Amino acid sequence: VSHAHNSIAASFAPRPHRDVVAAEVDDEVVLYDTVAAAIHILNSSASAVWFMLDGTATLGDIATDVADVCGIPYDAALSDVIGAVRSMADQQLLDGFKTASEPTRARDDVTTPRYSEVPPNN
Amino acid sequence: MSAPTVRRRRALGCTFTVTGDDHVAVERANEIFSAFRFDPDDNSRCHHHIVVGSSGVHRDHVTVDAAVRPPVLLTQVVGHLTQAVVADAGNRYALFHAAAAERSGGALVLPAPSESGKTTLVAGLVDAGFAYLSDEVAAIEPRSRLVMPYPKPLSIDPGSWNVLAHMAPDDDEYHATQWQVLPPRIAPPSPVRWIVFPTYAEGEPTELVPIRASEVVAGLARNSFNFTRNGSRWLPVLAGIAKRCAGYRLRVGDLNSAVDALVDLTS
């Protein structure tokens, strides 16, 4: 299923892409896209949203939780959640948003030093 | 010169030997590899056979350099050994393109790409009393998080010969393009405690800046030999390492101030 960027609204229930693995360190999440070989770091608020993306919870549900926990108005929480999820979609971290093209946001590519080509001498 | 004794050595779970009809070259190789010890009780999983001689350098019966002159021969032999060991050890260890040294019972790991000054920096640390682990490969055992020694010789490029002049090998054509220097003291397997990402910026002030654990994970992944092969296995390992270490970015303006900063850090 391919989603349009403007589908990211209160009723949308995204889930992480299966090619993306996550590890929590302190209050941040490091994501590794195993196909694009790219590392992404989510800040603490985006990290909290990431772990609530299970394909059933809508962004409205998540915003309700965020509003309760943070003591902020629902509309402000929803705006923040949608912003975070759109950023994740831009980086092709969500199911339905991955394309053959390169991600549009900056990322931290991982390349392996190629000992098979050049013997190390440093 | 008579044929040198064949010495079996061990590196990150593999054994290796260097033999060949160029007896001088074999002897030189055995000298620079003397920090790789062999325990007859070890159960090694693999063996590599490097042959140096009149027909070039061969590794495991494959010609890897058809014609190698003495000034580059040791560099090539060290490189081909490292290449083989990295390929074999990637299932057992998290492997990083990094220098590493031990102090106060903890390992300091310095991941960085080639030409970043890893060897020069770790040579300076050895001078300051650190025990040597490697100037090229930091191998971390995933469960214990011990950094295993890979004590290849310090491979010192001409750009650092001035600042490390006291380490110059005896005048020898085998060291004419790169010094291969045996460090005085090799560390035992040591728990990783500090991860510092160095960049060389000549003339700028040396600066050591703390970084977040997430940045440590990203930096380790960038400098890993085996991360991309199985990222889903290694990402939690890297996260576990980062959680238990102090991470820094080090701008190296000059060797002495950088060494001072790392001595302070590890004191």
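Here is a quick tour of how two protein chains meet and what holds some of their parts together. Keep in mind that this is a predicted model. Chain B and chain A touch through 38 residues of chain B and 24 residues of chain A. One salt bridge crosses between them, and that bridge belongs to a network linking Glu28(A), Arg212(B), Glu215(B) and Arg249(B).

**Where the chains meet**

- The two chains bury about 2,500 Å² between them, and carbon and sulfur atoms give 61% of that area.
- Three residues stand out on chain B's side: Arg222(B), Thr228(B) and Leu235(B) supply 21% of the area that chain B buries against chain A, more than any other three residues.
- As for polar contacts, 3 residue pairs are counted between chain B and chain A.
- Four helices of chain B each give two or more residues to the side that touches chain A: H2 (70-89), H3 (118-127), H4 (213-222) and H5 (231-243).
- If you sort that side of chain B by class, you get 11 nonpolar, 18 polar and 9 charged residues.

**Salt bridges**

- Over all chains, the count comes to 9 salt bridges.
- The one across the interface pairs Arg212(B) with Glu28(A), and their closest N and O atoms are 2.8 Å apart.
- Inside chain B, Arg249(B) pairs with Glu215(B), with the closest N and O atoms 3.7 Å apart.

- Chain A has 3 helices and 4 strands, and from the N terminus on they run β-β-β-α-α-α-β.
- Of its 122 residues, 45% are buried.
- The accessible surface of chain A comes to about 6,100 Å², and 49% of this belongs to carbon and sulfur atoms.
- Ala37(A) is not a glycine, yet it has a positive phi of about 55 degrees. You'll find Ala37(A) in the loop between strand S2 (28-33) and strand S3 (38-42), and it is buried, at 18% relative accessible area.
- Gln92(A) also has a positive phi, about 60 degrees, without being a glycine. Its place is the loop between helix H3 (74-90) and strand S4 (108-109), where Gln92(A) is buried with a relative accessible area of 6%.

**A buried threonine in chain B**

- Thr19(B) belongs to strand S2 (residues 14-19) of chain B, and with a relative accessible area of 18% it is buried.
- The side chains of Thr19(B) and His49(B) are joined by a polar contact of 2.7 Å.
- Beyond its neighbours within four places in sequence, Thr19(B) is in contact with residues including Val6(B), Val26(B) and Ile50(B).

Technical notes: Residues numbered from 1 in each chain as written. Chains lettered and ligands numbered in written order. Predicted model: local features only at pLDDT ≥ 70, side-chain atom pairs only at ≥ 80, totals over all residues. Heavy atoms only, no water. Contact = heavy atoms within 4.5 Å. Buried area = accessible area lost by both parts, 1.4 Å probe. Salt bridge = Lys/Arg side-chain N within 4 Å of Asp/Glu carboxyl O. Polar contact = N/O pair within 3.5 Å; in protein donor to acceptor, adjacent residues only side chain to side chain. Nonpolar A, V, L, I, M, F, W, Y, C, P; charged D, E, K, R; others polar. Buried < 20%, exposed > 50% of the residue type's maximum accessible area, 1.4 Å probe, protein only. Areas by Shrake-Rupley, 256 points an atom, 1.4 Å probe, with all protein chains shown as cover.
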